[in-house]
Amino acid sequence: MSVHDELTSVQRCLDDLYRSLGHLEKQLGSGGLEMRRVRTDADHLRESVALLRDTAAAPATAKRPDLVTISDAPYDMSLWTDTDDEGLGARDRHAP
């Protein structure tokens with residue numbers, strides 16, 4: 001099955017869930033904490049499926065970043081002028 005078919009199937013199941021919740025609310029009442037919690041969870045599921053549908057509908061335009069080639073040639077030693085060796089201090093001084 002395609003993603004669209006799967007999402008349609010999930011949407012149908014959610015619609016059935018909403019109908020069943022409506023029947024339960026008529027029998028049990030909608031004032032109880034448990035019923036409100038189940039209704040809220042069903043609403044969150046509906047929102048999540050809508051987000052999935054939007055994500056699936058959007059074209060996959062995520063482009064892979066360009067690769068940068070790093071040369072194996074040694075670095076220019078002038079880059080390290082006036083630098084400290086970590087833990088050893090400056091080159092012309094002694095470590096404490």
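What pattern does the protein follow, read along the sequence? I went through the chain and got α-α-β-β. I counted 2 helices and 2 strands, both being DSSP runs numbered from the N terminus (helices are H or I with at least four residues, strands are E with at least two).

A note before going on: this is a predicted model, where local features need pLDDT of at least 70, side-chain atom pairs count only at pLDDT 80 or more, and totals for chains, interfaces and linings use all residues. Residues are numbered from 1 along each chain as its sequence is written, and side-chain values use heavy atoms, with hydrogens and water left out.

**Entry: salt bridges**

I looked for salt bridges (a side-chain nitrogen of Lys or Arg within 4 Å of a carboxyl oxygen of Asp or Glu) and found 3 in the structure.

Asp15 pairs with Arg46, with the closest N and O atoms 3.0 Å apart. This pair links distant parts of the chain, since Asp15 is in helix 1 (residues 3-28) and Arg46 in helix 2, 31 residues apart. I also checked exposure (buried is under 20% relative accessible area, exposed over 50%, partly exposed in between, with a 1.4 Å probe and protein chains only). Asp15 comes out partly exposed at 28%, and Arg46 is partly exposed too, at 30%.

Glu25 and Arg39 meet in another salt bridge, at 2.8 Å from N to O. Here, too, distant parts of the chain are linked: Glu25 belongs to helix 1 and Arg39 to helix 2, 14 residues apart. Glu25 is partly exposed, at 23%.

Arg19 and Asp16 make a salt bridge with their closest N and O atoms 2.1 Å apart. They are separated by about one helical turn because they lie 3 residues apart in helix 1.

**Entry: rings**

Which ring does the charged end of Arg46 sit over? I found Tyr18 there, with its ring centre 3.9 Å away; the test asks for NZ of Lys or CZ of Arg within 6 Å of the ring centre and within 35 degrees of the ring normal.

**Entry: surface**

I noted a nonpolar patch on the surface formed by Val68, Ile70, Tyr75, Met77, Leu79 and Trp80. Patch members have over 30% relative accessible area and no salt bridge; like charges are joined within 9 Å, nonpolar side chains (Val, Leu, Ile, Met, Phe, Trp, Tyr) within 5 Å. Ile70 lies in the loop between helix 2 (33-57) and strand 1 (84-85), and is exposed at 67%.

Methods: Accessible areas come from the Shrake-Rupley method with a 1.4 Å probe; for residues, only the protein chains shown count as cover.
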